[in-house]
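Good morning, everyone, and thank you for coming. Please have a look at the model on the screen while I talk you through a few of its parts.

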Amino acid sequence: MFETSIKLALTLSQIGVVMGVVLLTVAVLTLLERKVLSWMQDRMGPMEVGPYGILQPVADGLKLFFKEDIIPAGANKIMFSLAPIIVLVPALIGFAVIPYGPNWTIDVMGVEFKPFVISDINIGVLYILAFTSIGAYGVILGGWASNSKYSLLGGLRSAAQLISYELNVGLAIVGVLLLAGSLSLVEITEAQAGGFWHWFAFDPLPFPQFIAFVVFLIASVAETNRVPFDLPEAESELVAGFFTEYSGMRFAFFFMAEYANMILVSCMSTVLFFGGWHAPLPFLQAPGGFAWVTGIFWFTAKVYFFLFFFFWIRATLPRLRYDQLMRFGWKVLLPIALGNIVVTSLFAYIFPNS
Amino acid sequence: MKLKKWIQSLIFFEILLGMRETLKHFLKYRPITLEYPHVKKPLPENYRGMLGLLRYDDETEKCVGCDLCEAACPSRVIRVVSAEVPGEPTKRFAKEYYMDMTRCLFCGLCVDACPVDALGMSQEFEWAVYDKRHLHLNKEQLLAIGDRAFPEREKRLEFQHPNVAYFNVSFKDIPEKEF
């Protein structure tokens with residue numbers, strides 16, 4: 001009983017910390033995205049709230065919190081209020097299996113406790129894929145329940161898009177799974193120990209997964225509904241896509257879910273292809289008991305690099321047309337991902353011990 | 001040549017070029033934004049802003065109530081009620097002067113039409129109001145705009161051109177003719 005309660009307290013506090021960091025990152029990202037975008041477009045971005053606009057997320061949050069919550073006439077009320085939750089919860093729940101520091105087990109009063117991963121389950125990748133596809137239901141439901149043609153069109157587009165690109169995400173990961181021999185994100189990260197030449201994206205033997213990484217990155221940009229694949233919320237065509245009719249906190253939920261998904265996808269590409277918490281060069285990793293400091297630092301740095309990449313792409317590329325999107329997903333990315341699986345498994349068979 | 005193009009499309013060459021361009025702008029951060037309410041763009045000299053009524057340097061109004069501005073106005077912004085100056089039957093002034101600035105298109109024809117330069121266009125343009133009726137201006141408001149927009153005032157006509165003023169019966173207190 002005592003052990004159970006200790007374990008519960010530890011896990012709950014860990015969940016609290018991870019949730020807090022993720023939600024804080026979401027708040028930071030809303031500002032960071034606007035700043036990075038405007039710097040790339042020779043603008044200044046938010047400058048009014050606080051020095052250099054750094055309090056903008058607080059102002060945005062307050063505004064959304066106190067805004068009137070409107071449910072449009074003719075909307076399906078249950079589905080309408082359920083949709084934001086269905087979108088947000090899977091986006092946040094994925095962080096449960098992301099390892100953000102060394103795989104240590106410490107003993108707290110007779111209870112085994114892993115401080116740097118909430119739960120190291122042996123099907124971590126599958127878990128994340130399953131939950132991110134549940135998020136698509138929320139998008140479709142929100143689009144359908146709003147009783148608005150813009151929302152419905154946005155929801156339909158996103159349904160088609162998510163299904164097409166989830167396939168590519170899944171297939172791009174298979175190569176990594178073949179090399180690591182595990183679905184656990186912790187074990188995948190540990191298989192990439194050493195310098196950056198051991199990361200799966202660059203590891204020369206058996207086969208570098210760089211092509212799979214590019215496929216994964218493109219498909220995950222599409223999965224998070226961001227430019228250039230932001231057809232579900234195409235601002236110039238569909239007002240705001242599936243969340244056109246949402247306001248106040250419900251809108252904030254969709255917004256937070258988008259950013260949480262971005263963070264989750266960045267974490268996944270870090271863990272799967274860029275060696276998770278491992279430093280790019282061995283001497284950059286602190287020895288012994290301080291390894292967790294550099295571990296968390298490198299993990300955060302890599303995740304933020306990918307987040308920056310998302311903004312970078314958004315500032316550079318225009319939106320794809322719908323048929324281009326589908327053709328690119330099914331005729332280009334899918335064959336590449338399949339070919340990568342074949343080649344990787346061949347090489348993994350030829351060089352079994354490298 | 002074909003091989004080169006093929007390789008370029010394989011590595012997303014054009015997208016990489018675009019990304020290099022955006023990164024260049026990101027690293028060399030030179031915003032062209034003017035932070036408007038704090039920093040204002042310098043306006044051209046002949047900017048046609050808010051209209052105002054002017055005074056002479058002895059605080060008397062320039063307007064003689066001739067109605068020419070009302071006649072020149074293409075959108076019927078101006079309404080003048082003219083009257084005699086009490087005690088001086090040869091002189092008139094604008095007893096009431098109204099401008100409906102909701103209709104004004106800032107063409108400046110009234111300023112051109114005025115024979116005594118009683119109207120002026122200031123550099124003011126921040127005239128957004130919550131109530132449309134706040135744009136129906138009366139004489140006092142227009143004089144106030146003129147006062148704050150043109151602090152340097154002209155002398156009265158008879159002091160500007162004493163030789164001409166000498167022959168004008170309507171001028172009182174004519175200065176000595178200069179020889």
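Let me begin with the buried residues of H1(A), which pack against helix H2 (56-66), helix H3 (77-93), helix H9 (248-273) and helix H10 (291-316) of chain A, together with helix H2 (13-27) of chain B. What you see is a predicted model, in which local features need pLDDT of at least 70 and side-chain atom pairs count only at pLDDT 80 or more, while totals for chains, interfaces and linings use all residues. Residues are numbered from 1 along each chain as its sequence is written, and chains are lettered from A and ligands numbered from 1 in the order in which they are written.

A helix here is a DSSP run of H or I with at least four residues, a strand is a run of E with at least two, and both are numbered from the N terminus. A residue is called buried if 20 or more other C-beta atoms, placed from the backbone, lie within 10 Å of its own, exposed if 12 or fewer do, and partly exposed in between. Among the buried residues of H1(A) are A:Val22, A:Leu29, A:Trp39 and A:Met40.

Turning to the whole of chain A, we find 11 helices and 2 strands. The radius of gyration, taken over C-alpha atoms, is 21 Å, close to the 20 Å from the globule rule (2.2 Å times the number of residues to the power 0.38), so chain A, with 354 residues, is as compact as a globular protein of that length. Of those 354 residues, 44% count as buried.

Where the chains meet, 13 residues of chain B are in contact with 11 residues of chain A, contact being C-beta atoms, placed from the backbone, within 7 Å.

Finally, chain B has an open sheet of 3 strands in the order E2-E3-E5, with antiparallel pairing, where two strands pair if DSSP finds at least two bridges between them. Strand E2 (78-85) and strand E5 (136-137) stand at the edges with a single partner strand each, so one side of each is left without a neighbour in the sheet. Strand E3 (residues 88-100) and E5(B) pair over 2 bridges, and B:Met99 stands opposite B:Leu137 in E5(B).

Notes. Two residues are in contact if their C-beta atoms, placed from the backbone, lie within 7 Å.
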